[in-house]
Amino acid sequence: MINYKKYVQGRWSPICLMSMLLAGCSQQSDNINQTKTLANEQNYQNVLTLTDFNQKKLPVNVIESGASFQHQLSGNDGELSIDFSSDVYRSAVVLQPETPWNFATTDEVHLAIDAKNPGTESIQLYISISDVPKSELPAGNAAGTRTSAANYSVNLAPGESGTYFVILKGKFVDADSGIRENPVPWKTNDEMFYWRYGKSNIDLSAVTEVSFLTRGNLTSKPIVIDNVRLRKNPEYSLAYLENIVDEFGQNAKQDFPTKIHSLTELQAVAKKELAMLESEGRMKDRSKFGGWKSGPKFEGTGYFRTKKVDGQWWMVDPEGYLFFSHGVANVRMANTTTTTGIDFKDDSVRYVDPNEVTPEDSIGIVKVSDEVMKSRYVSSTLRNNMFNWLPEYDDPLAEHYSYRRSVHRGPIKSGETFSFYRANLERRYGETEEKSYIKKWEDVTLSRMENWGFTSFGNWVDPAFYPNERVPYFANGWIIGDYKTLASEHDVWSPLPDPFDKEFVKRAKITIDVIAEEIKGSPWCVGVFVDNEKSWGFPDGTIKERYGVILTTLTLNDEDSPAKEAFTGYLKNKYHDVSKLNSAWNQNLGSWKELSKGVDIKEYPDALVDDISYMLEMLSEEYFKVVHDTLEAVLPNHLYMGARMANFGMPKETIKASVKYSDVLSFNIYEEGVQPAEWSFLNDIDLPTVIGEFHIGATKGTGLLHPGLVQADDQMDRANMYKAYMTSVAAHKNMVGAHWFQYLDSPLTGRTYDGEPYNVGFVSTTDIPYPAMVEAAKSFNRSIYSKRYNKEF
């Protein structure tokens, strides 16, 4: 039986906001223990006990999948002790009932567990809930698959214990607020799991698995689980979503160390930081372009390049100094807005120019005309009621309203937005001339990068920074347009482009010509990223999860799909006679013409899997070839940085194609770090690699509603996890850099495009740096060059 005490690590002193922010007041680790009672503000009604581990013979099957467990029983008190391994990517223990559980017996319900962390490090504990019948699980995957379960996570500090819950059904789940995670809807001492990924509409009447797991751990970690039960939600209303945002864009219902309470306080903090940046200046021992000035010097070509030195890949800056690219990504205003719940009936505001080269979520502030404003109406009362304050349209701060013609998810498909971050910049620095606060922000941002020791920006830096000649940058572009696309049921962001379509080739040239014009051949541009996190298919899982885009394409008519036409041609050349294809694929096609019209595959013999694997490689290779060749024609001196593959879109076939055409491979790795087991394939690829995105967040001490994809316990833990992540990067022989996503926190009510409300910034929405993160970056960056060169990581 777990002893329910909450271990509180790293509490902030509430009396030193100003000195804490900018003069070194640190988080106090007073290790206070606070009793966390089970009988807290709510009297919960149990609906179903899955298991309390109090019996020698458990009512569930407990299955190890890359983890180990012990059922510890003392008298009538039991618990499940789990050790999660860092030797595998996904380490899990699975609870399976003899017959599926019915979680749908009441309209308001949540799953609760008691847990404690007996370890010395915090742990991001996932809970995965699946409705997939055991007979349909892929071999060797007892813990379900990436997309066939609903996955949530919570972080437990060392020594922390308590009750943790996942809301499965009710008004909370049904409320489409446009925020990736709503606030806890009732008063409680228990802690809520955050939504992470997977299938959001599982059949709660037929739950086949509840799994506890970790992903991508750098170290093995323990957890103790007890009393897994279903509880009825207490009474609550949607009023918990009202008036949650104050005039600075902060959480109006919470206090926290970096919270600003007045304009005077905001300006005083800014003034103090500016004085510090002026006093400390740029980090020492850096070349003009941010390389290692005291290290070995090689031939300077006038542009960035890559070089293998003593068995390790490096970049080399234009002057010939060794260079490791570490910085922050998404340094721009485009993602600072949040929807207000207002829209306009005049459709002209939603017109999209077919020749645009910038995706909707990457466009900056868009002004709405006075004529369009006359058609204003409230499109979402729920969204509109979240704000304590929004400026009147004749207020000077109305400058920071904008418009989005489309969004990825949420209760509205288009609408008015507002940028609290941008408004706070104007409040901080004033406006001595038109948009002078933006120019000041750009200068302060450059000074921060130099002072914090970052050697470059990451992806998605505002082109206004391109001429800066202080901090190197990466250019970027999206190939958008009216070309054919290829989709599957497992797409994450959007369908893949059809690279065999001539219109895609045309749009690639248009996009890359714009990039070339923006760069103007500058040596300060390290390289170019094109596109991001495409849904090529999962690296493992079911055949549909791995090759869904190919299977869907095969159902199309050749006349409607250039890619399908290419696949048909490949099969004709390989098999010559359709009867041979039928034999290999276990099909009954009457002719090649029947294949050309489209075929829906239901069975997956080995020969078919081999063929669709090759088709995925064909598709990937054509994409990378088009992008590479187009870049090479206009930007021959700049590195092609690849397509920033995510773990949901990095099958081996696509990686193989990327290797042929990329100067540097790029992956977005949202885990604790570069886990040796998961990323061992890089050892067989002799090519430099960069992490295009990573981050770690915590809701404690921020007022935000979701920590982000990788979760820390608090800001000090977040800083320590950042250093551990970067150490794993620097220690890898292929890695030549890593880019933190992103510069600033997401808006409290979620960024416009997809509702992310994450604590992922080095600065808050009031543009105040997080002290622990800044100190961690300085500490790591001071010695990155000497330590990596001497292989001390």
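Visitor: What is W292 in contact with, leaving aside its neighbours within four places in sequence?
Guide: W292 touches D285, Y321, L322, Y785, S786 and Y789. Contact means heavy atoms within 4.5 Å. This is a predicted model, where local features need pLDDT of at least 70, side-chain atom pairs count only at pLDDT 80 or more, and totals for chains, interfaces and linings use all residues. Residues are numbered from 1 along each chain as its sequence is written, and side-chain values use heavy atoms, with hydrogens and water left out.

Visitor: Is W292 buried or exposed?
Guide: Buried, with a relative accessible area of 9%. The cut-offs are under 20% for buried, over 50% for exposed and partly exposed in between, with a 1.4 Å probe and protein chains only.

Visitor: And where is W292 found?
Guide: In the loop between α3 (263–280) and β16 (305–309). Helices (H or I, at least four residues) and strands (E, at least two) are DSSP runs, numbered from the N terminus.

Visitor: How far apart are W292 and F474?
Guide: 19 Å in space, C-alpha to C-alpha, and 182 residues in sequence.

Visitor: Switching to N476. Which strand is that in?
Guide: N476 is in β25, residues 473–477. N476 is buried, at 15% relative accessible area. Beyond its neighbours within four places in sequence, N476 contacts N459, W460, V461, Y466, I515 and F529.

Visitor: W460 again: what sits over its ring?
Guide: The charged end of R644, 4.6 Å from the ring centre. The rule wants NZ of Lys or CZ of Arg within 6 Å of the ring centre and within 35 degrees of the ring normal. R788 sits over the ring of W314 in this way, with its charged end 4.8 Å from the centre.

Visitor: How many aromatic pairs are there?
Guide: The count is 47. Rings of Phe, Tyr and Trp (its six-membered ring) pair if their centres lie within 6.5 Å; planes under 30 degrees apart are stacked, over 60 edge-to-face, and the rest tilted. Take W389 and F418: their ring centres are 6.2 Å apart and their planes at 80°, so this pair is edge-to-face.

Visitor: Which parts of the chain does that pair link?
Guide: Distant ones, 29 residues apart: W389 is in the loop between α5 (381–384) and β23 (401–404), and F418 is in strand β24 (residues 415–418). W389 is partly exposed at 23% relative accessibility, whereas F418 is buried at 0%.

Visitor: What about clusters? Which residues form one?
Guide: W452, F454, F694, Y722, Y725, W740 and F762 form one aromatic cluster.

Visitor: Now helix α9. Why call it largely enclosed?
Guide: Because 9 of its 12 residues are buried. Among them are Y547, V549 and L551.

Visitor: Last one: the whole chain. How many helices and strands?
Guide: 16 helices and 33 strands. Buried residues make up 62% of the 793 residues. The C-alpha atoms fill a box of roughly 70 × 70 × 65 Å along the principal axes. Of contacts between residues at least 6 apart in sequence, 75% join residues at least 24 apart.
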